[in-house]
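Welcome, and please load the model in your viewer. We will go from one selection to the next, with a short note on what is there at each stop.

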Amino acid sequence: MAKILDDLSRTFSEYLLIPRLTKRENVPRNVSLAAPVARYKKGETSRLFVNIPVVSASMQAVSGTDMGVALARQGGAAFVFCSQSIEAQATMIAKIKSHKAGFVRSDSNVKPSASLQELLDIMKRTGHSTVPVTEDGSSGGKFMGIITDKDFWEFEDDLTSQVQGYMTPKEKVIHGLVGITLKEANHQLYKHKKEALPILEADGRLNSLVFKKDYVDHINNPLELLDGRKRLVAAAGVNTHDYQERVPALVAAGVDMVSFDSSDGFSEYQRDAALWARERYGKDIIIGGGNVVSAEGFKYLVEEAKLDFVKVGIGGGSICITREQKGIGRGQASALMEVVEARDKYYKDTGEYIPICSDGGLANDTQIIVALAMGADFVMMGRYFAMTDESPTPKVSLKGRIYKPYWGEGSNRARNWQRYQDDKGATKMHFEEGIDGYVPVVGSVDEVLAVTLEKLRATMCNLGSNSLPEFTKNALLTLVSEQSIEEGGTSNIIQVDSKFDDDN
């Protein structure tokens, strides 16, 4: 007969944190939210840390190029969705990597003989206002000069005129040579009050550009997540079907992390795919996967698939109906606590730490905080980011409010047929594991995250913690009753922002 677990399947909303001693040093400015995303041995450190414990889900309605840029600039990462062509996904990764790189390879260049109209077309297509002029019009051609949108007037100058009559020639352009450090390059920009600094090879060919705006961006986003070459960190979802073609394309585009995307990752398919990627790329990329809801699943993916991090959660997402359709899953809090316990035991037994990502089941900021207190190293969210300006879906107006479409990767709309192939290669979807709907627009990623992270830091101080590991160690949780939940809310008053008859 079937084995039945004794415990209840519990959710994050059933728990509250008990305050601990707040010491004088427990103030928000002293709190670090850094979290590891790659396995490491005792005495060593993770190959990569996110600077905030938040990533976005690999979903069509959530993680595109704009989300990848916005979230990396805040210190997190967006897992660009894989339910698209390999070429399209690789292009998204390449755009994230090139968005802000310190030393940027120019993708907008013209010949001296090009017309102003040709230049204008390039500027409008790329959005760039500064364009290098090279002998052959290539990004690595002999540098001849530079031209900006301030050097000519679109509606006054003759647009058939050649660029060379308007550009600033090389001998008058402040530039640097290959070997200059980013700090030195930024100092040159400051010293000479310039917006861009061309970096040239010894033989005069254009190598790259350094922009003042990138320096300003860095100052305004001190937690931005960068690789060793000062480029934004990029992440991508992958599947267990075309990984032998998809993963190499993503690596070529510069991806830093990949995560196998599956509602149930406790499978030989994921093990085989993960081992294939590990054998070919070693520790050059971070490889995550899941999802699991038990210690057994965690142990399998850690020992057999050699994953860097493991995602926990089945059916907890706001648009996921896997539990309803297939009868599998578990309350997210129960699943996370069991896997965390297994992770801690594995670390004690082997001396190897495996980061855990809590994926789904997070309805509000409080539940994000509880998930991290329970031992998740970082959380992955879909709806939270689908509601922001940077999600890849268009805004729509419904009954006077602004919304964005939001659908699950298991829905028919996602057309993610590869997840539902049978052993004969049939692709017909007989049922869905996700729904299709709308979510209200709440603002930009940085605005939304600012509130969430401020709450997290404040709670950590309430528990006498200045780091996430300390937060988990100090966490003391209590189950709550229905009455205590009601007690914790507002009652017996009319709130000043209430809508009386409007919603009736």
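Which residue forms a salt bridge with Asp308? Select Arg278: the closest N and O atoms of Asp308 and Arg278 are 2.9 Å apart. A salt bridge here is a side-chain nitrogen of Lys or Arg within 4 Å of a carboxyl oxygen of Asp or Glu. The pair links distant parts of the chain, with Asp308 in the loop between α8 and β16 (309-312) and Arg278 in helix α7, 30 residues apart. Asp308 counts as buried at 1% relative accessibility, and Arg278 is buried too, at 16%. Buried means under 20% relative accessible area, exposed over 50%, and partly exposed in between (1.4 Å probe, protein chains only).

Before moving on, some ground rules. This is a predicted model, in which local features need pLDDT of at least 70, side-chain atom pairs count only at pLDDT 80 or more, and totals for chains, interfaces and linings use all residues. Residues are numbered from 1 along each chain as its sequence is written, and side-chain values use heavy atoms, leaving out hydrogens and water.

**Helix α7**

Now select residues 268-281, which form helix α7. Helices (H or I, at least four residues) and strands (E, at least two) are DSSP runs, numbered from the N terminus. At 1.5 Å a residue, the 14 residues of α7 should span 20 Å, and the end C-alpha atoms are 20 Å apart, which agrees. The expected span is 1.5 Å times one less than the number of residues. Colour the buried residues of α7: Gln270, Ala273, Ala274, Trp276, Ala277, Arg278 and Tyr281. They pack against α6 (243-253), β14 (257-260), β15 (286-292) and α8 (295-303). After α7 comes Gly282, with a positive phi near 55°.

Step over to α6 and pick Arg246, which is buried at a relative accessible area of 2%. Leaving aside neighbours within four places in sequence, Arg246 is in contact (heavy atoms within 4.5 Å) with residues including Cys82, Gln84, Gly237 and Asn239.

Asp359 is buried, with a relative accessible area of 16%. Beyond neighbours within four places in sequence, the contacts of Asp359 include Asn291, Lys311 and Met380.

Display Glu352 and Arg39, whose closest N and O atoms are 3.1 Å apart in a salt bridge. Glu352 sits in strand β17 (residues 352-353) and Arg39 in the loop between β2 (35-36) and β3 (40-41), 313 residues apart. Both ends are buried: Glu352 at 18% and Arg39 at 13%.

Then show Lys212 and Glu195, a salt bridge with closest N and O atoms 3.9 Å apart. Lys212 lies in helix α5 and Glu195 in the loop between α4 (182-192) and β11 (196-200), so the pair ties together parts that are 17 residues apart in sequence. Lys212 is partly exposed at 38%, whereas Glu195 is exposed at 52%.

**Zooming out**

Finally, show the whole chain, with its 15 helices and 23 strands. Buried residues make up 51% of the 504 residues, and the salt bridges number 20.
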